[in-house]
Amino acid sequence: MARLILLNKPYGVLTQFTDRENGRQTLADYVNLPGVYAAGRLDRDSEGLLLLTDNGPLNAQIAHPKYKKTKTYWVQVDGEPDDAALNALRKGVMLKDGMTLPASVRRIDEPTRLWERDPPVRFRKSIPTSWLELIISEGRNRQVRRMTAAVGFPTLRLVRYAIGDWTLDGLCPGQWREIDVPAPKSQPRSTAGKVSAVRPSFKVTGGASSDVSSGSKSGSKSRATSQSSARPVARPSGSSAGRLDTVENRRVSKNKRQPFSRQENRQADGKDAGLNDAGAIRPPRRANSGPTNTKSKNKRHEGKGRPARRPTKD
């Protein structure tokens, strides 16, 4: 069972338990029970039924809009609404935050069980007032006041009479009573549509060790052992045709041996390509630097579709 408190909130009381900055009246001035919290809100300038509970799922069923718990209000408006205004409230009116859901509304006489408000309502003597019973299933901020103002009849006094089947019958302003209600079951959070992000893990297998970068004989043996299980990536020709660059060698850091590039593969086909004592590719020999022969360059391009460059005169 869950604890449910039915409070008749007076006018000018905040729907919270503390107001240290301004020192206004709060729920703590009327309810002295630990562990209970307000299920929903009621404006400071509104009166009537307010529910408090210590059960989280019950609080959600009362306050959350998806459960569409009906709320009944007694509304005193400025003027006498006509049928067109009442029909507009029944169909729904457009507010700044969107269209309201259809509401149930009817004219009523002033409730006989209603108490005098302190302070009294300010109204104009030349304009009559009337009472409406309005039932809605939403909980927007100051919704009833905005709805009546949208059809041309501002709200003067607002009293919430019922929430669902619970009413404020027998409660004077500031009084409360406690009842026990069945505790609803808590619903597990839905994980539909949520994809858990799994970070892929990579594991390097084979003979990629510190021996590879040193170029020692032991490193050569470890590479030769791992070549049988590793996938070859590039294979140079020429004098280094017996060497294979494996996936393990490809994943080593910058200070370790890097895979063969295209330039190195082309160099491996020439006579200048080879291996040094450490097992790395020996850089190609540079040609003797000297004055360029422009005529020989032009002869190489003759007959190949490219215009020959005219030699420059010094």
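Arg142 is partly exposed, with a relative accessible area of 34%. This residue is found in the loop between strand E8 and helix H3 (143-150), and its phi is near 50°, a positive value in a residue other than glycine. Most residues other than glycine have a negative phi. The model described here is predicted, and the protein averages a pLDDT of 76.

**Overall make-up**

- The protein has 314 residues, of which 35% count as buried.
- Eight helices and 13 strands are present in the protein.
- Among contacts with a separation of 6 or more, 67% are between residues 24 or more positions apart.
- The protein has an accessible surface of about 21200 Å², and carbon and sulfur atoms account for 48% of that area.

**Confidence of the prediction**

- A pLDDT of at least 70 is reached by 59% of the residues.
- Over residues 207-230 the pLDDT stays under 50, and the model has 24 contacts beyond four places in sequence for this stretch.
- Residues 237-244 also have a pLDDT that stays under 50, with 23 contacts beyond four places in sequence.
- Where pLDDT is low, the predicted coordinates should not be read in detail.

**Nonpolar cores**

- The largest nonpolar core contains 20 residues, and the members that touch the most others are Leu4, Leu51, Ile62 and Trp74.
- At least two residues of this core come from each of strand E1 (2-9), strand E3 (47-53), helix H1 (56-63) and strand E9 (155-163).
- Strand E9 gives the most to this core, namely four residues.
- A second, separate core has 17 residues, including Leu89, Ala103, Leu132 and Leu158.
- Beyond four places in sequence, Ile62 touches Leu4, Ala39, Leu51, Lys69, Lys71, Ile163 and Trp166.

**Aromatic rings and a charge over a ring**

- One aromatic pair is present in the structure.
- The pair consists of Trp74 and Tyr161, and it is stacked because the ring centres are 4.5 Å apart and the planes lie at 15°.
- Trp74 belongs to strand E4 (residues 71-78) and Tyr161 to strand E9, so the pair ties together parts that are 87 residues apart in sequence.
- Trp74 is buried, with a relative accessible area of 5%, and Tyr161 also counts as buried, at 13% relative accessibility.
- Elsewhere, Arg117 lies over the face of Tyr11, at 4.2 Å from the ring centre.

**Gln76 in strand E4**

- Gln76 lies in strand E4 and is buried, with a relative accessible area of 10%.
- Leaving aside residues up to four places away in sequence, Gln76 touches Val121, Thr129, Ser130, Trp131, Pro154, Thr155, Leu156 and Arg157.

**Helix H3**

- The buried residues of helix H3 are Gln143, Val144, Arg145, Met147 and Thr148.
- These buried residues pack against strand E4, helix H2 (83-91), strand E5 (94-95), strand E8 and strand E9.
- Gly152 follows helix H3 and has a positive phi, near 95°.

**Backbone features in loops**

- The peptide bond from Asp118 to Pro119 is cis, with omega near 5°.
- Pro119 is placed in the loop between strand E7 (104-108) and strand E8 (129-136).
- Most peptide bonds are trans.
- Lys68 has a positive phi, near 50°, and is a residue other than glycine.
- Lys68 is placed in the loop between helix H1 and strand E4.

- Gly40 is found in the loop between strand E2 (37-38) and strand E3.
- This glycine, Gly40, is partly exposed, with a relative accessible area of 25%.
- Gly40 touches Thr15, Leu50, Asn59 and Ala63, when residues up to four places away in sequence are not counted.
- Gly40 and Ala60 are 20 residues apart in sequence, and their C-alpha atoms are 8.8 Å apart in space.

How values were computed. Residues numbered from 1 in each chain as written. Predicted model: local features only at pLDDT ≥ 70, side-chain atom pairs only at ≥ 80, totals over all residues. Heavy atoms only, no water. Core = buried A, V, L, I, M, F, W, Y, C linked by side-chain atoms within 4.5 Å. Buried < 20%, exposed > 50% of the residue type's maximum accessible area, 1.4 Å probe, protein only. Contact = heavy atoms within 4.5 Å. pLDDT = per-residue confidence, 0-100. Phe/Tyr/Trp six-rings, centres within 6.5 Å; stacked < 30°, edge-to-face > 60°. Lys NZ or Arg CZ within 6 Å of the ring centre and 35° of its normal. Areas by Shrake-Rupley, 256 points an atom, 1.4 Å probe, with all protein chains shown as cover.
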